[in-house]
Amino acid sequence: MKYDSGLEYGLSVLREAFDVDDLADKHIICWGFNVGARMCIWYFHSIGVTKITIVDNDERARKLYPHYCGVPMRKPEEVFENGDENFLIIVSSRSGEDIRKNALLLNPKLEERIHLFFLQDRGKMFPKAFAQGEYSQQMNLQECQCELLKMMTYFHAFCEKHQLTYFLMGGSLLGAIRHKGFIPWDDDIDVEMPLEDYIRLSELMSSEYEYDYLSIFCGEKELSAISTLGQLVSRTTCSEYYNFPLRSDQGLTLDIWPLVNFPQTSEEQMQYEHELVEAGNLWKERVVMGYASSTYNRDMHKEMVSYIKAIMGKYTNERTDYIGSGYCGQFENYHRMRRAFPKEVYRSKRLAEFEGESFWIPEHYDETLKLYYGNYMELPPMAKRTPQTYRKVYRR
């Protein structure tokens, strides 16, 4: 697997737009928390600019993620009430013109200070497609599901052999309950594991595997993993996989999420959730942004692996009755977000049918499925019955 960085495109746009010497006294405003904003913040941090603010209209986003790498996220009205400050407003979005209009409604004096970019433009970041080589036959959804089922069957057998605990989760769990297999339009598999088994899996699969296995806890191989999730990766498939500003030629994956202990009170749980998200933010800025480019720092990479391991293991079994996802990053759909569940949900497990095979699920799965899907036995509207990853997959 190889990585290709699109960082230089975004940096070239920013360097051309701004003279570094003129930025020292500026208050940088990134409007909208997205990939482009992260790239802007990385760039301004790298040249020593520290007075940066993110503004976003999404109240829940501001509540759940009040900071990114020390940069506060605030409501636009709070920042632009006084238009006399030396603002420089950067908007990196396809809907930049609409955002400009909203900003001018708040304060017409901002007209000359707004700069519209689209730094995360895939076509310009990666003008050439990966050479497919022998990966030339595009796979349909059913063929992808067949390959994923083989991976899951192997993973289950591996865990049984080494006495490792796992549970189907998310859409894979829903598929087992509602469809006795894949959700018909789903194109991935997700499982979760208690942290101690998650780390042990990384140690075991570092030396014994039938598939490629990527994890930041894989010893000597840890520096090849960019996601903070563990991933079992198919060797017989290939697809363009994006973790901006990186692109890789990664095959289909079985994603493995860590389950960690959470503190007792809801306030402490929210604070710990913020710590996990901020750890993911730091990972993005200090490792992912510069990976596969001249700005990559190997020592920083190793330091961040140790930091994330410590964050995941912060709470012990003796101190808490709650467990939840230890993923270091934000969930894509944070509007359905809740990480901490009573340990009773995962206290016992049972086998469930999945495409003719049997895989482990939590005995008390109902609580998690209701939270994430509501009436989970009801099928969604036809318009929402689409694959989640939206990528082309090729077979060797």
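# Calls and cut-offs in a predicted model

Mentor: Start with D25 and K26, whose side chains meet in a salt bridge, 3.8 Å from N to O. Remember that this is a predicted model.

Trainee: Why is the contact of D25 and K26 called a salt bridge?

Mentor: The cut-off is 4 Å between a Lys or Arg side-chain nitrogen and an Asp or Glu carboxyl oxygen. The D25–K26 pair has N and O at 3.8 Å, which is within 4 Å, so the pair qualifies. The structure holds eleven such bridges.

Trainee: What lets such side chains pair at all?

Mentor: Opposite charges can pair when the charged atoms come close.

Trainee: Is D25 buried or exposed, and how do you know?

Mentor: D25 has 52% relative accessibility. Exposed means over 50%, so D25 counts as exposed.

Trainee: What makes E78 and R74 a salt bridge, and how is the accessibility of E78 classed?

Mentor: Their closest N and O atoms are 3.7 Å apart, so they fall within the 4 Å limit. E78 is at 44% and R74 is at 32%. Buried needs under 20% and exposed needs over 50%. Therefore E78 is partly exposed, and R74 is partly exposed too.

Trainee: Which parts of the chain does the K314–E275 pair link?

Mentor: The side chains of K314 and E275 form a salt bridge at 2.9 Å, N to O. The pair links distant parts of the chain: K314 is in the loop between α11 and β17, E275 is in helix α10, and they are 39 residues apart. K314 itself is partly exposed, at 35%. Elsewhere, salt bridges with shared partners join D4, E240 and R247 into one network.

Trainee: How are α10 and α11 oriented, and how do you know?

Mentor: Their axes come within 10 Å and cross at roughly 170°. Angles over 145 degrees count as roughly antiparallel, so α10 is roughly antiparallel to α11. Residues making the contact include Y272, L276 and W283 of α10, and M304, Y307 and I311 of α11. The contact residues divide into 13 nonpolar, one polar and two charged.

Trainee: What makes you say α10 is mostly covered?

Mentor: Of its 23 residues, 17 are buried. Buried means under 20% relative accessible area.

Trainee: How does the span of α10 compare with the expected one?

Mentor: α10 reaches 31 Å from its first C-alpha to its last, close to the 33 Å expected.

Trainee: Why is C69 called buried, and how is A292 classed?

Mentor: C69 is at 11%, which is under 20%, so the buried label applies. A292 is at 44%, so it is partly exposed.

Trainee: How do you know the F244 to P245 peptide bond is cis?

Mentor: Its omega is near 5°. Most peptide bonds are trans. P245 lies in the loop between β14 and β15.

Trainee: Last one: why is E112 called exposed?

Mentor: E112 stands at 70% relative accessibility, and exposed is over 50%, so the label holds. E112 is in the loop between α5 and β7. Its C-alpha is 51 Å from that of Y322, 210 residues apart along the chain.

Notes. Residues numbered from 1 in each chain as written. Predicted model: local features only at pLDDT ≥ 70, side-chain atom pairs only at ≥ 80, totals over all residues. Heavy atoms only, no water. Axes fitted to C-alpha atoms, helices over the stretch in contact; angles between N-to-C directions. Helix = DSSP H or I, 4+ residues; strand = E, 2+ residues; numbered from the N terminus. Parallel < 35°, antiparallel > 145°, perpendicular 65-115°, else oblique. Contact = heavy atoms within 4.5 Å. Nonpolar A, V, L, I, M, F, W, Y, C, P; charged D, E, K, R; others polar. Buried < 20%, exposed > 50% of the residue type's maximum accessible area, 1.4 Å probe, protein only. Expected span 1.5 Å × (residues − 1).
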